[in-house]
Amino acid sequence: MKPTLEQGLQELEENGFVLIPNGLTPEENERCRVALNQARANGWEEGLNAVGNMWFDSLLERMSEVFSPLVGHASVRLYLEALYGSQCQLRSLRGHINPGPYKQEWHLDFYGYWRQKDHAPYASKATGINTTFYFQDNAPGIANLTYVKNGHRIAPPDEVVRPDGWSVSEAAFNEWCEGLEHVTIYPKAGDVVLFFSHIPHRGMKEVDTVERSNIVCHYQNNPFYEGIPHVSRLQKHTSFPFAEARR
């Protein structure tokens, strides 16, 4: 059952994430799934990392007609407007395919969140929101997405995260996250998960041969300069998705 906006915002505040079922229509879901596989066939991936994640950063430029509708999509628009208003800025759109064995390392998307200086009286704190659109079913024994419980409220200690925001090491960050309580969810095809970009999380496949792919849109409340500790590469042309509509 899809939560109301009020319920969803409360879940986001309490848990750091909210699952929005059936965010995409079956037609939208299939169009994006097929296009992402076509991008792979075209060789447009940026790489395939050691944990089994293949990523794509140029989809908005190469296949705008398919993927630009996900920016400020109706399933998440009210959330983004409630959180950020017309100043909501798209940082990046990134596609993922997990072609084989996949067990993601624990990570944040916005590593720099906890190491921001807050002593300037007129400075606004940078925050990030991640919206992930899933194109296949996750299920127990097949694939999942796991968060550190209440991880959006837990600042990593200095021995885990450096003053500049990046992890001291992947091993140190993983060990810290493993020692905390977890919450696992199973998004279905067409579902969207919206969450704070500073909550620790990881995805994984328990069946190596299943198809698993998604699109992630990262949003922010003020411009993050290119070198900020963030997992995504800044889009060549970032945009304010809702500013035009408010003129």
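1. Let's start with Arg115 and Asp158, whose side chains meet in a salt bridge at 3.3 Å, N to O. (A salt bridge here is a side-chain nitrogen of Lys or Arg within 4 Å of a carboxyl oxygen of Asp or Glu.) Arg115 lies in the loop between strand S4 (89-97) and strand S5 (128-134), and Asp158 in the loop between strand S6 (143-148) and helix H6 (170-178), so the pair ties together parts 43 residues apart in sequence. Helices (H or I, at least four residues) and strands (E, at least two) are DSSP runs, numbered from the N terminus.

2. A word on the source: this is a predicted model, where local features need pLDDT of at least 70, side-chain atom pairs count only at pLDDT 80 or more, and totals for chains, interfaces and linings use all residues. Residues are numbered from 1 along each chain as its sequence is written, and side-chain values use heavy atoms, leaving out hydrogens and water.

3. Are these two partners buried or exposed? Arg115 is buried at 19% relative accessibility, whereas Asp158 is exposed at 61%. (Buried means under 20% relative accessible area, exposed over 50%, partly exposed in between, with a 1.4 Å probe and protein chains only.)

4. Now look at Glu178 and Arg202, which form a salt bridge at 2.8 Å, N to O. Glu178 belongs to helix H6 and Arg202 to strand S9 (residues 201-205), so this pair links parts 24 residues apart in sequence. Glu178 is partly exposed at 39%, while Arg202 is buried at 12%.

5. How many salt bridges does the structure hold? There are 10.
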